[in-house]
Amino acid sequence: MGIVTHLAKTLDETAIENNLTKIGSVTLQIGEVSGIMTDYFVECWDYFKGRHPVLTDSTLKLEQIPAITWCNSCKKEYETVKYGRECPYCHSGETWLLKGNECIIKEIEAEGGNNP
């Protein structure tokens, strides 16, 4: 719920800064291993958008970012969810997450924005 609250606040600020009167849709990219439960996230969005006039009629579009891990030992990338922390190529545990933990505003479709 905290992420949705932060998102709504960020969108309110963006609307004010850009003289937006209405946000039609917001596209978010969410990492596969971000821990965000998308069904719950959408429910929270539907609740919070009613409390932010610029978001009232908006829709939320979600795109998943696949989780990819890098192995420092063999210098290869692999699918995190499929193989976990151990590299499937060399079986090293010397790995780190390259991507898949993000939550990024990719696109905002809006009305207004006419700056004097």
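Buried means under 20% relative accessible area, exposed means over 50%, and partly exposed lies in between (1.4 Å probe, protein chains only). Asparagine 19 is therefore partly exposed, with a relative accessible area of 36%.

This is a predicted model, in which local features need pLDDT of at least 70 and side-chain atom pairs count only at pLDDT 80 or more, while totals for chains, interfaces and linings use all residues. Residues are numbered from 1 along each chain as its sequence is written, and side-chain values use heavy atoms, with hydrogens and water left out.

**Helix packing**

Helices (H or I, at least four residues) and strands (E, at least two) are DSSP runs, numbered from the N terminus. Two packed helices are described by the angle between their axes and the distance between the axes. Here, the axes of helix α1 (residues 2–17) and helix α2 (residues 38–49) cross at roughly 45° and come within 9 Å. Axes are lines fitted to C-alpha atoms, for helices over the stretch in contact, and angles run from 0 to 180 degrees between N-to-C directions. Angles under 35 degrees count as roughly parallel, over 145 as roughly antiparallel, 65 to 115 as roughly perpendicular and the rest as oblique. The pair α1 and α2 is therefore oblique.

Contact means heavy atoms within 4.5 Å. On the α1 side, Ile3, Val4, Thr5, Leu7 and Leu11 meet Phe41, Cys44, Trp45 and Phe48 of α2. The residues of this contact divide into eight nonpolar, one polar and no charged. In this scheme Ala, Val, Leu, Ile, Met, Phe, Trp, Tyr, Cys and Pro count as nonpolar, Asp, Glu, Lys and Arg as charged, and the others, Gly among them, as polar.

Isoleucine 3 lies in helix α1. With a relative accessible area of 41%, isoleucine 3 is partly exposed. Leaving aside neighbours within four places in sequence, isoleucine 3 is in contact with Ile36, Phe41 and Cys103. Isoleucine 3 and alanine 110 are 107 residues apart in sequence and 21 Å apart in space, C-alpha to C-alpha.

A nonpolar core is a set of buried Ala, Val, Leu, Ile, Met, Phe, Trp, Tyr and Cys residues joined through side-chain atoms within 4.5 Å. The largest nonpolar core has 18 residues, of which Leu11, Val26, Leu28, Phe41, Trp45 and Leu55 touch the most other members. At least two residues of this core come from each of α1, β1 and α2. In soluble globular proteins, nonpolar side chains tend to be buried together.

Valine 26 is in contact with Leu11, Trp45, Thr59, Leu60, Lys61, Ile105 and Glu107, leaving aside neighbours within four places in sequence. Serine 25 is found in strand β1 (residues 20–31). At 3% relative accessibility, serine 25 counts as buried. Beyond neighbours within four places in sequence, the contacts of serine 25 are Thr59, Lys61, Glu107, Ile108 and Glu109.

Asparagine 19 sits in the loop between α1 and β1, and its phi is near 55°, a positive value in a residue other than glycine. Lysine 75 belongs to the loop between β3 (68–71) and β4 (77–79); its phi is near 60°, again a positive value in a residue other than glycine.

Glycine 112 lies in strand β6 (residues 103–112). Its contacts, apart from neighbours within four places in sequence, are Asn19, Leu20 and Thr21. Glycine 112 and threonine 21 are 91 residues apart in sequence, with C-alpha atoms 5.2 Å apart in space.

Valine 81 is found in helix α3 (residues 80–83) and touches Glu32, Val33 and Ala67, not counting residues up to four places away in sequence. The C-alpha atoms of valine 81 and proline 66, 15 residues apart along the chain, are separated by 8.6 Å.

The accessibility of three of these residues is tabulated below.

| Residue | Relative accessibility | Class |
|---|---|---|
| Lysine 75 | 51% | exposed |
| Valine 81 | 52% | exposed |
| Glycine 112 | 43% | partly exposed |
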